[in-house]
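Let us walk through the side-chain contacts of this model.

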Amino acid sequence: MKNRSVGWLLIGLALTGCGGTPTAPPTSPSRSAPALAQGPSDEARLVCTGRTAEHISGALGIAAHSPLQPTWAEGVYACDYVYPDGSTMRLAVKDLPDAGATTAYFEAKRVVAGEVTPLEGMGEGAFARADGSVVVRKDNNVLVVDVTALPAAFGAPPRSRANVARTVATTVLICWVEY
């Protein structure tokens, strides 16, 4: 029954859209080094918008307590979703200039993670780390949903960290496609 509820929620997300601050997709699938130096891509910014946060809250059944405070450093746009109990979930997107750099970064993340579980049908490649966190490659971005600072059971209804990470990654991917 839980999987059906999440499925219906994700269908609802696809129908209602994730919208947010970004207004238009990039004109090119690759970004030059100067473009990356100017700031994060619209896709990266999308993970920390209020509208995406609303969809993540709906998917998890619990809203973040604090306003999102995004950071941009070394090509990574990130924000912490802070919940009423003080636990946090970090979403981070690494912007990369082209497919080759994206593949190299994604593969390096896989090697550093050690034992991973491949996740089929998510982006252009995805895996779950042993701690439940998820790493997804899509276009020239690598999304990391880090759930290590969440309790073992989280959300309403409570679910495992791994389930939370997969739900959030799927929600972000729907937002990216919708965008």
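Rings of Phe, Tyr and Trp (its six-membered ring) pair if their centres lie within 6.5 Å; planes under 30 degrees apart count as stacked, over 60 as edge-to-face and the rest as tilted. By that rule, the structure holds two aromatic pairs. The model is predicted: local features need pLDDT of at least 70, side-chain atom pairs count only at pLDDT 80 or more, and totals for chains, interfaces and linings use all residues. Residues are numbered from 1 along each chain as its sequence is written, and side-chain values use heavy atoms, with hydrogens and water left out.

Take tyrosine 83 and phenylalanine 154. Helices (H or I, at least four residues) and strands (E, at least two) are DSSP runs, numbered from the N terminus. Both tyrosine 83 and phenylalanine 154 are buried. Buried means under 20% relative accessible area, exposed over 50%, partly exposed in between (1.4 Å probe, protein chains only).

Now turn to phenylalanine 106 and phenylalanine 127. This aromatic pair is tilted, at 5.3 Å centre to centre and 55 degrees between the planes. It too links distant parts of the chain: phenylalanine 106 is in helix α5 (residues 99-113), phenylalanine 127 in strand β5 (residues 126-129), 21 residues apart. Phenylalanine 106 is buried, and phenylalanine 127 is buried as well.

Next, the charged side chains. A salt bridge is a side-chain nitrogen of Lys or Arg within 4 Å of a carboxyl oxygen of Asp or Glu. A search of the whole structure finds six. One of them joins aspartate 80 to arginine 90, with the closest N and O atoms 2.6 Å apart. Aspartate 80 lies in strand β2 and arginine 90 in strand β3, so the bridge ties together parts ten residues apart in sequence. Aspartate 80 counts as partly exposed, at 31% relative accessibility. Arginine 90 is also partly exposed, at 32%.

Helix α5 holds both arginine 110 and glutamate 107, three residues apart, about one turn of the helix. They form a salt bridge, their closest N and O atoms being 3.2 Å apart. Arginine 110 is partly exposed at 25%, and glutamate 107 is partly exposed at 34%.

Finally, lysine 138 and aspartate 139 meet in a salt bridge (3.2 Å, N to O). Aspartate 139 has a relative accessible area of 37%, so aspartate 139 counts as partly exposed.
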